[in-house]
Amino acid sequence: MRRHLLILGPPLAWLLLLVAAPLGILGLIAFAEAGPGVPPFIPPLAWEGGPVWQGSSESLATLLADSYYLEAFLRSLLTAFVTAALCLLLAYPMALGIAGARPGWRLPLLLLVLLPFWTGFLPRLGAWIGLFRDGGWVNGMLGLLGIGPLRLLYTEAALHAGMVHAYLPFAVLPLATALLRRDLALEEAAADLGATPFTVFRSVTLPLSLPAAASAFLLVFIPAAGEFVIPDLLGPPEALLVGRVLWSEFFQNRDWPLAAALALALLVLLLPPILLFQRLGRRA
Amino acid sequence: MRCLGLAIGLGFLWAPILLMVAYAFSADRIPFQWGGFSLRWFVALAANERMREAASLSLRIAAGAATLATLLGGLAGWALARFGRFRGRALLGVLAGAPLVLPEVVTGLSLLLLFVMAQAAAEAWLGWRLGRGAVTILLAHATIGMAYVALVVQARLVALDASLEEAAADLGAGPFTVLRTVTLPLIAPSLAAGWLLAFTLSLDDVVVASFVSGPAGTTLPMMVFSALKVGLTPEVNALAALILAVAALAVGLAGLALRRRGTE
């Protein structure tokens, strides 16, 4: 038992201090009142001979009352949903292709999907900026076809291109793993019984891969909902998603309690998909 | 048909990256415009003192954070895989999994609030004036990396049969000998993969670092991010080409090492 504590102690202590405690403080500061000092809030819990509560739920009330924030949440969820759906649509045929490739080809193909992840997230966004800007490469190509020039950078299209590009490898990985592990005998049996390739896919392959597809969808949806960098670099300036609103409340307006309240609300909103994702992972 | 889907996906993933690398060798000042072959942007990149300093800071933070993450995550993964049911297992599982699913802005803001509180406490009770910067970024990145290492190590240990370790113990090996001669060699590839993952995540992070850093600590991603806010520069193009070359080299070497071990 003592040996167990020696192994268990350091990581558990670290996680309590740097994961549990910060989230607790975040929840507390969401109920603080904004104030001028450094840090710019009045601690909601003070000590004057005993604990004294001097917090307020003003920040949370602001979130609920002002449609600006409600709209940001809805827009973020919608953007995350579209991103995850597009990723799934692109990733599924890719995973099928990898799983159906000759054994010697599978690992190199998988590495080709994952390697962009190692090339750095910001440089890849830089590529989209260079391609999409006015008079950029894409507009040049469109010009050859007699289209345009179009405004591409800082639009919803650029935002989604960047999001799908960044998150696509996350969607391919669980799907490819599941499709590689599948029992091919089931598909052969269906084909032997006279099913066309499309029927085999629709009635055997697809239903069996649904849990992996749900995992892939959530693996993209959850981080995409709070994404800040991609909307900020590629999206239209008026696309105020939660990540961006939180960022500007914190860095520009220095309203820390409101930023904390936004973070808390985002967390509560993402809790159902997170729990669902963990449940899917445990079953697999 | 199957090949078509794969080709479309890989084309979408790779076209922007390959175009970017190709145009990194263009002499033109405007990115993605061909002005003849030139290495001038690589030269400019190497001469950029601020960029070099930021890169060196980022590499040091990433190496430190990845090492800490591997130590702590390895222990957490081991406890989760091998200790059976113990009190606190659910808590450890939830806490070790949290950084994997928390949005970056939430992780960043909550860690910053912790560091601000710690600063205030240290000043009030001990009279210490602590700053924020490289150290706070390192602590934050170690926490995130640790979650990934724990996941990788736990998965590897669960897949491995515990009977190997039990056999060594039955033959009289002490717990430390079992760890050194059986467990560690078996999970070494996972530890290496975990370290590399934590290193990459640290080198890639701009959101959490921006929250927890002070005025002194500007990492390379923070710098690239503020450059990209204004627009793409040929220097960022060159930087991307450089990173891709290093990443491809690392993957190629790892592949060769795997193949050699496979043939042996």
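What share of the 264 residues in chain B is buried? In this predicted model, buried residues come to 44% of the chain.

**View 1. Chain B on its own, built from helices.** There are eleven helices and zero strands in chain B. Read from the N terminus, the elements simply go α-α-α-α-α-α-α-α-α-α-α. If you're setting up a box, the C-alpha atoms of chain B take up roughly 70 × 60 × 35 Å along the principal axes. For contacts in chain B with a separation of 6 or more, 77% pair up residues 24 or more positions apart.

View 2. An unreviewed UniProt entry puts the label "transmembrane region" on residues 57-79, 135-157, 177-199, 206-226 and 238-258 of chain B. Take residues 57-79: the span is 100% helix and 0% strand, and its end C-alpha atoms sit 33 Å apart. Now look at residues 135-157, where the end C-alpha atoms are 32 Å apart and the span is again 100% helix and 0% strand.

**View 3. Where chain B meets chain A.** Chain B brings 62 residues to this contact, and chain A brings 71 residues. Helix 1 of chain B gives the largest share of the side that touches chain A, with twelve residues.

Terms used. Residues numbered from 1 in each chain as written. Chains lettered and ligands numbered in written order. Predicted model: local features only at pLDDT ≥ 70, side-chain atom pairs only at ≥ 80, totals over all residues. UniProt positions renumbered as here; feature names shortened; annotations may be inferred. Helix = DSSP H or I, 4+ residues; strand = E, 2+ residues; numbered from the N terminus. Contact = placed C-beta atoms within 7 Å. Buried ≥ 20, exposed ≤ 12 C-beta atoms within 10 Å, placed from the backbone.
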